Amino acid sequence: MSGFDHRRYRPAPVVSLPQRQWPSRVITQAPRWASVDLRDGNQALLEPMSVAQKRRMWSLLVKLGVKEIEVGFPSASQPEYDFVRWLIEEKQIPDDVTVQVLMQAREELIVKSFEALRGARRAIMHVYNSTSTVQRERVFGQDRAGITAIAVQGARWLQREAVRYPQTDWVFQYSPESFTSTEMDYAVEICDAVVDVWQPTPERPCIINLPSTVEVSTPNVFADQVEYFASHVKRRDSIILSVHTHNDRGCAVAAAELALLAGADRVEGTLLGNGERTGNMDIVTLAMNLYSQGVDPRLDLSNPDEIIQVYGECTRMPVHPRHPWVGELVYTAFSGSHQDAIRKCLHKQGADEPWQVAYLPIDPRDISRDYQAVIRVNSQSGKGGVAFVLERDYGMVLPRWLQVELAPLVQRESERRGGEVDGPAIYRLFTEHFVRDATPVSLLGYHLDRDGHDVIEARIMDDGREHTLRGSGEGALSAFIDAWTRYRGQQVSIIDYSEHALGAGTDARAIAYVQVNVGGKRSCGAAFNHDIVSASLQAVLSAVNRERLALQRTA
Ligand code: KIV
Ligand code: ZN
């Protein structure tokens, strides 16, 4: 068997857990977060982080509120040793933050790791060895007893070294590496053996960390494994149960979430999911998932652009524009029906009510994104999106009939450009097409006598010649229509009309939109003016000018 042949592979083993509890639970609180950006994340980089990059990443993690941070493998790498010393000697570790270091279960590495941490107020010493069948048989050539002996010996060395540095508050952590590919009874057995050495208590617990070193199954299988482990391991009340998921099948976040349902207390991961191969569990995504369900994530993710910036500086990798919660395009709607729904919901969304906006799972402003990106217009967009952009960028509230007229013009423009039409371009299209109050007819001035019945005297320029029009009616607009009809002998009637101020204040500009029937033809126009009456008369002239120009074009 070779080539693209699925028969080369076997399904990952599943756990029989018919009484599983996790499917009917919900997550109601954030887990303890542990960052492994500076270890697993760094280890996965083509070019490991420089000292400056590590410091930058460290400061960001502290700023975000991560309280447990694995800073490296100081026994195996001099730069990581030096970084740990810098943190301690330069007093960079806040009182509520605990550093964590990783080591294999080898004596010289354990001794050196303790030495690297001398003087720390508190530290998590994380020891691991591989436990899966493949690792036992093919890598280490050891049986279960041999692998357990390595773990137990490592646990003893940790205990021995800790006694040499009594001024530090030591916390012990053990990971059965490749847990997900380990037989569950053996995973429990080896962790029990380690815990028996450490003798933790509820007051002084140890951490048992269950890694999906390589993600091999669906997240529900991982949850079953975690629930099996949690319900079979001894001294559960003296263990902080941690999970460390990888993203080989693209489900690291889902697996961690289901593991929380299954009893995990703590989650290890990285910002935006950097890490070995397809990466570690993305802390930002999981935290935002909680946030969007009304659960306090206990991390400050109000400025993900800073996270993206530091992530880019430290990993030299870009963030995908569709990355969950923080990608550049994740709050953007191009489709007309989505834009329409968003616009309607945003109009109805009260400041103090729970968020209920279609297609926007959270308010982008919570994470320092404005509505600028929410609706972007291209050829797939419709009138709702076009109207949204004009309102958002120019304060213009277009009546529906004008939206219907404008949208196809924008669509054609987008097709012509082969892409997005931004706010200024939409505004330009609007004014070019609908604000036609200068030629061939323009308004020079008017006088309105409002003594009961409105009587208007309007001066206009028509094809370069000045005229004075007179008319009367109920309101300035109908008086002007009357005057125009007398002047041109052309039947004009108003179909619809609206106006509003653009911005606040007495000298704010106003805009008027009018839809008229000119000699049996429908025409729309708009006009801006500081004086609302002038704006409405000019809007009528825009409409009649458009109709006249259209006739000239077809003549
Ligand atoms: O993925 C893994 O198994 C690890 C362990 C060292 C915890 O990173
Ligand atoms: Zn890992």
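In these legends, a helix is a DSSP run of at least four residues and a strand a DSSP run of at least two, numbered from the N terminus. The model shown is predicted.

**Figure 1. Helix H1 and strands E5 and E6 contribute to the shell around ligand 1.**
Each of these three elements, H1, strand E5 (169-177) and strand E6 (206-212), supplies at least two residues of the shell. The residues surrounding ligand 1 are Arg39, Asp40, Leu102, His126, Ser175, Glu177, Asn209, Pro211, Thr213, His244 and His246. Sorted by class, this shell holds six polar, three charged and two nonpolar residues.

**Figure 2. Side chains of Thr213, His246 and His244 approach oxygen atoms of ligand 1.**
In the side chain of Thr213, an N or O atom is 2.6 Å from an oxygen atom of ligand 1. For His246, the distance between an N or O atom of the side chain and an oxygen atom of the ligand is 3.0 Å. A polar side-chain atom of His244 is found 3.1 Å from an oxygen atom of ligand 1. Ligand 1 taken alone exposes 260 Å², and 95% of that area is buried by the protein.

**Figure 3. Three residues coordinate the zinc ion (ligand 2).**
The zinc ion is held at 2.1 Å by Asp40 through OD, by His244 through NE2 and by His246 through NE2. Along the chain, these donors follow the spacing D-x203-H-x1-H. Asp40 belongs to helix H1 (residues 37-43) and His244 to strand E7 (residues 239-245), so this pair ties together parts of the chain that are 204 residues apart in sequence. Are Asp40 and His244 buried or exposed? Asp40 counts as buried because its relative accessibility is 3%, a value under the 20% limit for buried residues. His244 is also buried, with a relative accessible area of 5%.

**Figure 4. Two residues other than glycine, Gln199 and Leu272, have a positive phi.**
Most residues other than glycine have a negative phi. Gln199, with phi near 50 degrees, lies in the loop between helix H7 (184-198) and E6. The relative accessible area of Gln199 is 45%, so this residue is partly exposed. Leu272 has a phi near 60 degrees and is located in the loop between strand E8 (266-269) and H10.

**Figure 5. A cis peptide bond joins Thr439 and Pro440.**
Most peptide bonds are trans. At the bond between Thr439 and Pro440, however, omega is about -5 degrees, and the bond is cis. Pro440 sits in the loop between helix H15 (423-434) and strand E9 (441-449).

**Figure 6. Leu117, Leu290 and Leu299 are buried leucines.**
Leu117 is part of the loop between helix H4 (107-116) and strand E4 (122-130), and its relative accessibility is 0%. How many residues separate Leu117 from Val84 in sequence, and what is their distance in space? They are 33 residues apart in sequence, with 6.9 Å from C-alpha to C-alpha. Leu290 lies in helix H10 (residues 283-291) and has a relative accessible area of 4%. Between Leu290 and Glu257 the separation is 33 residues in sequence and 9.5 Å in space, C-alpha to C-alpha. Leu299 is in the loop between H10 and helix H11 (304-315), and its relative accessible area is 11%. Leu299 and Val26 are 273 residues apart in sequence, and their C-alpha atoms are 20 Å apart.

**Figure 7. The side chains of Asp363 and Tyr371 make a polar contact.**
The distance in this contact is 3.0 Å. Asp363 is placed in the loop between helix H12 (336-348) and helix H13 (383-394). With a relative accessibility of 10%, Asp363 counts as buried.

**Figure 8. The protein chain is divided into four listed domains.**
Domain 1 covers residues 29-315, domain 2 covers 336-374, domain 3 covers 379-434 and domain 4 covers 441-554. The C-alpha centres of domain 1 and domain 3 are 52 Å apart.

Conventions
Residues numbered from 1 in each chain as written. Chains lettered and ligands numbered in written order. Predicted model: local features only at pLDDT ≥ 70, side-chain atom pairs only at ≥ 80, totals over all residues. Heavy atoms only, no water. Donors = N, O, S within 2.8 Å, 3.2 Å for Na, K, Ca; no water. Buried < 20%, exposed > 50% of the residue type's maximum accessible area, 1.4 Å probe, protein only. Near = heavy atom within 4 Å. Polar contact = N/O pair within 3.5 Å; in protein donor to acceptor, adjacent residues only side chain to side chain. Areas by Shrake-Rupley, 256 points an atom, 1.4 Å probe, with all protein chains shown as cover. Nonpolar A, V, L, I, M, F, W, Y, C, P; charged D, E, K, R; others polar. Domains from an automatic or database assignment.
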